[in-house]
Each structure stands twice: as C-alpha cells, then as structure tokens.
Amino acid sequence: MLIKVKKNWKDFAEFCKNGNDKPRHQLSRRELLQQTILTGSLSLFLPETITRAIAHAETPVCPAPVRAPGAIAQIYAEGGSTISARWISDAQADVMNAGMAANYGISGQANLIRLGPNFVIDGVSPFGFTILQGPPGYPGGPAAWRTNVLSKVSGGAHLGPFNQDDGAGENTGLSGGVSPYKVSSMGKDLKVGVNTALATWANGLPSASANGNLTTASFANTFSLTPAAAGLINSGALTASSEAANSLADAMGEVFANQQRKGSQQLMTSAGCGFFGNSALADPNYGAQLFNPANIPALTAKTTVAQLAAKEQALLAAYYQSAMGVAGGVIMQLGGRDYHGQDPQGSIGPKQIEEARAIVMFLAACDAAQTRGSMIMTSNGFAIADGVQTTNFTVNGVNNANLQTSIASGDAGGSYNAGLMLFFNPAGAPPQGRFTGTVTSTTGNARIDPNVGSSREAIAGLYLSALAWIGNGVIPPAALAKVKAAGLKGTAILI
C-alpha cells in the first residue's frame with residue numbers, strides 16, 4: 001500500500017530527512033556560492049580548454065610493427081608424384097645407377113648438377129631446367145642466378161614416411177602453418193587452394209585463403225575492410241575520425257591530468273595508433289600495394305614482372321611479404337599430381353615446370369628481400385617411373401628440345417617418397433640440412449628413419465626446422481609446445 005503525504009513549500013526547501021527524522025547536512029550560503037562558482041567556471045572554461053587542447057593535439061608516434069623477417073612456404077602435391085625427379089641428396093646421387101634413375105624418373109648420374117653443399121637436381125629434367133633458368137629479367141641472366149642465389153641454397157628431407165599413396169594419405173595432415181609463431185604485422189598465413197586436413201597442431205592457426213584462379217587480386221581482396229570501403233567508409237573519413245578521436249583523447253587527458261597517471265600515455269598512444277591503422281586498411285590500393293609485384297621496387301629490380309604469369313606474380317609478392325615479415329607463411333596445395341598414365345609432354349612436364357617456377361618465385365623473393373627462407377615440399381604418395389621421355393619445353397624464352405621428362409608407371413606406395421626442404425641464406429653458407437632415412441642402392445627405395453617414424457612427426461619436424469632457420473637456430477617455445485601437445489616428440493629437426 002502506498003501512503004502519500006502532503007508536503008508544503010517548506011518541506012521542499014529543506015533537505016530530505018533520514019530514517020531517524022534527523023535533517024541531513026544543509027548547504028550553507030558559502031558552500032552554495034562555492035559550488036555554483038565551480039560549476040559556472042567549468043561551463044565557461046572547459047570548452048575553451050578542450051578547444052585549445054584539440055588545436056595543439058599531435059598525431060601519435062606509432063611504433064614500428066613487430067615482425068620476424070624470413071620467408072616460409074610449402075607446396076603440397078596432392079595425389080603423389082615422381083617427386084624424386086625434384087632434388088635428391090648427395091648420398092642418393094653417389095649410388096645412382098640406370099635402374100635407380102629409371103625408377104626416379106630422371107635421366108641419370110651424368111646430368112646431375114649440384115646446388116649448394118649437399119643436394120643435386122637433374123639439369124635436363126623440366127623441373128631442373130626451370131630451376132636453373134631463374135626468373136625472367138634477372139640481372140646477369142641464368143649464370144648470375146646460379147652464382148647469386150642457387151649457390152646459397154641447401155637441402156634436406158625426411159625420406160620415406162609419407163607412405164600412403166593417392167587418396168589414402170590425402171587427409172593425414174600433410175600441410176601446416178607458422179602463424180603466430182612467425183610474428184608478422186598481418187598475423188596470418190596465406191593459403192592457396194588448401195582443402196585437405198591440416199596437421200593436428202596446425203588446426204586453428206590464423207590464416208587467410210585465396211582459392212580459385214590465383215592472381216594478385218586474390219590476396220589483395222583478402223586484406224580489406226568488411227564490408228568493403230565505399231561511400232562514407234573510406235581512407236579519408238577514417239583518417240579524419242582517427243584525428244578527431246586522438247584530439248579528444250589529448251584534450252581530456254589534459255583536463256584530467258593524465259600525464260600524472262602511470263601508463264596513461266602508453267594507453268593513449270596504443271589506442272591512437274589502432275585508430276590510424278584503420279585508415280590504411282580502408283585505402284582501396286592497400287592490398288594491391290602489398291601483393292602486386294609491379295608496385296614493389298625490390299622485386300622489379302630482380303625480375304621482369306610483365307613476363308610472369310598471373311599466378312606467378314601473386315606468389316612472388318606473397319613470398320616477398322612473408323620474407324619481409326608482413327605475412328606469416330605461404331602454403332599452397334596443387335591437385336592432379338597423380339602422374340601414372342599421364343602424358344609426359346602434355347601433363348607431367350608442365351606440372352613439373354609449374355612447381356619449379358613456384359620455387360623460383362620463392363627464391364627470387366628471398367633474394368630481393370635479402371632474408372633467409374625455408375621452403376617445404378611434400379606429397380602423399382609417389383608414382384614410380386619407367387624411365388624418361390624426350391620432350392620440348394620453352395622456359396623464360398629458352399627452348400630446349402632435349403628435356404627428359406618422367407614416364408610415370410604406377411603407384412609405389414611411397415617407397416620413393418620424401419618430405420623435401422630448401423634453405424636459403426642471402427649471406428651464403430646455408431645450413432647443412434639432414435636427409436633422414438636410408439636408400440636401397442639397387443632400386444633407390446627409401447626407408448624410414450625410426451626416430452621419425454611417421455608423416456605426422458616428419459611434418460612437425462619440417463615446420464620446426466623452417467622456424468629454427470629463420471629464427472637463427474631458435475624455435476619459438478610456443479610452437480614446440482603446440483607440437484608436443486599433439487603427441488609428437490618434435491625432434492625431427494633437419495638443421
């Protein structure tokens with residue numbers, strides 16, 4: 001029940017009483033004047049103070065983003081390929097015979113060319129010939145490419161553990177990731193066509209995917225505002241709002257004496273830099289500046305960009321951004337690599353060239369950035385070869401009618417398979433990478449090192465090796481912990 005009590009003017013003139021009917025403290029005339037003057041002063045002078053502070057506000061000096069330079073990449077050839085026609089170890093080259101060469105799908109020992117300190121390629125295979133040519137327009141041509149780049153490369157591999165052929169090994173986790181363990185300003189890996197299961201420790205790692213026909217726009221569109229910047233949401237508008245927010249923060253900081261409060265200046269700088277960072281994202285040219293190699297002077301100085309295919313341009317720029325620490329790693333999956341029964345001239349040779357060109361783009365990007373690089377190459381099986389067939393291909397305008405392309409015969413169940421790895425050091429002296437496992441000298445069959453044991457352990461080792469190389473021998477503790485949490489020893493390191 002509500003009881004209403006009538007009050008007269010005197011009741012309202014007095015202060016409310018408490019529960020004991022004792023009058024609360026009433027304002028004296030002096031207190032009334034004091035608080036009235038304070039309120040009035042604030043109403044008069046606060047706007048002027050804020051206006052004056054805004055007029056003198058400065059754009060915060062933002063710290064440079066923390067980045068880990070060094071490129072990391074992977075090519076996963078889905079379906080199984082004549083992968084031993086890529087590169088092989090010195091130990092394999094030393095025992096090479098005609099039967100072993102036929103199984104590997106290479107021409108033989110006479111055409112093996114050393115790259116770096118510990119591995120070789122077949123110089124007349126489509127793959128090897130493409131690697132030796134380098135990118136179009138490289139200063140000094142193929143000879144300078146071999147001196148300045150290929151001499152600074154070493155190899156490594158886990159032989160044999162990727163032993164599930166064709167679809168049986170498709171979703172066993174043969175692709176990984178490096179973000180956030182490789183610190184980058186984007187904080188993400190770039191994935192190209194990856195649609196099979198990742199290694200267990202790589203699930204959930206931050207990434208951005210570019211699927212379909214790969215172009216520079218595929219990556220550029222991945223890094224933009226959502227919804228896309230248009231109309232009132234544009235770089236100019238966000239810059240203006242960032243400046244307004246920064247000015248207001250400065251003004252209120254002066255009013256409330258934030259300079260006397262511990263950590264307040266760092267907080268304001270961080271917030272201001274965050275606002276100003278949005279302006280760059282809203283620039284419609286932001287992505288193109290990152291992923292169009294024609295806009296990157298370091299790349300245009302090393303190659304004639306216009307002579308690259310659209311996919312090659314996109315990969316070149318992506319690898320460069322990984323090398324510069326803007327992006328994490330670049331992981332690409334290539335389908336249709338189940339070679340047996342395919343035509344060497346029309347199918348196998350072009351695919352070998354495509355993969356070699358991707359490696360050339362990777363090395364060219366590392367050379368342009370002058371940073372270390374690690375590239376991983378895996379497959380879920382291996383199609384045993386039946387010798388080679390003479391083919392004719394043109395690479396970088398150079399026609400060679402005597403290239404020897406693998407004749408894929410049938411499934412080998414991974415007997416010749418390996419998880420391959422390249423290391424690049426712009427200063428020279430690349431690491432002496434290990435080739436684990438053993439090889440049968442008569443046939444070339446690969447046998448697993450018992451300390452590696454499985455493809456799961458091998459993939460972890462390959463990625464930890466990549467992180468160790470760009471990190472000057474230091475593996476990020478969080479990456480090692482992640483691998484061990486997945487039940488892996490994390491000991492299959494190649495350097």
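Predicted model: local features only at pLDDT ≥ 70, side-chain atom pairs only at ≥ 80, totals over all residues.
User: Why is the pair of W87 and F119 called edge-to-face?

Analyst: The ring centres of W87 and F119 lie 6.2 Å apart, and their planes meet at 70°. Rings pair if their centres lie within 6.5 Å, and planes over 60 degrees apart count as edge-to-face, so the pair is edge-to-face. The structure holds seven aromatic pairs.

User: What makes this pair a link between distant parts of the chain?

Analyst: W87 belongs to the loop between β1 (71-77) and β2 (88-89), whereas F119 belongs to strand β4 (residues 119-122); the two are 32 residues apart.

User: How do you know whether W87 and F119 are buried or exposed?

Analyst: The relative accessible area is 4% for W87 and 1% for F119. Buried means under 20%, so W87 is buried, and F119 counts as buried.

User: Why is the pair of W87 and F127 called tilted?

Analyst: The centres of these two rings are 6.3 Å apart and the planes stand at 35°. Planes under 30 degrees apart would count as stacked and those over 60 as edge-to-face, with the rest tilted; the pair of W87 and F127 is therefore tilted. F127 lies in helix α5 (residues 126-133) and W87 in the loop between β1 and β2, so this pair ties together parts 40 residues apart in sequence. F127 is buried, its relative accessible area being 1%. Together, W87, F119 and F127 form one aromatic cluster.

User: How do you know that the charged end of R372 sits over the ring of W469?

Analyst: The charged end of R372 is 3.8 Å from the centre of the W469 ring, and the distance criterion is within 6 Å. The charged end of R372 is accordingly assigned a place over that ring.

User: Why is S322 called buried, and which backbone oxygen lies 2.6 Å from a polar atom of its side chain?

Analyst: S322, in helix α12 (residues 310-324), has a relative accessible area of 1%; the limit is under 20%, so S322 is buried. The backbone oxygen is that of G328. Leaving aside neighbours within four places in sequence, the contacts of S322 include A68, K182, G328 and V330.

Key. Residues numbered from 1 in each chain as written. Heavy atoms only, no water. Phe/Tyr/Trp six-rings, centres within 6.5 Å; stacked < 30°, edge-to-face > 60°. Helix = DSSP H or I, 4+ residues; strand = E, 2+ residues; numbered from the N terminus. Buried < 20%, exposed > 50% of the residue type's maximum accessible area, 1.4 Å probe, protein only. Lys NZ or Arg CZ within 6 Å of the ring centre and 35° of its normal. Polar contact = N/O pair within 3.5 Å; in protein donor to acceptor, adjacent residues only side chain to side chain. Contact = heavy atoms within 4.5 Å.
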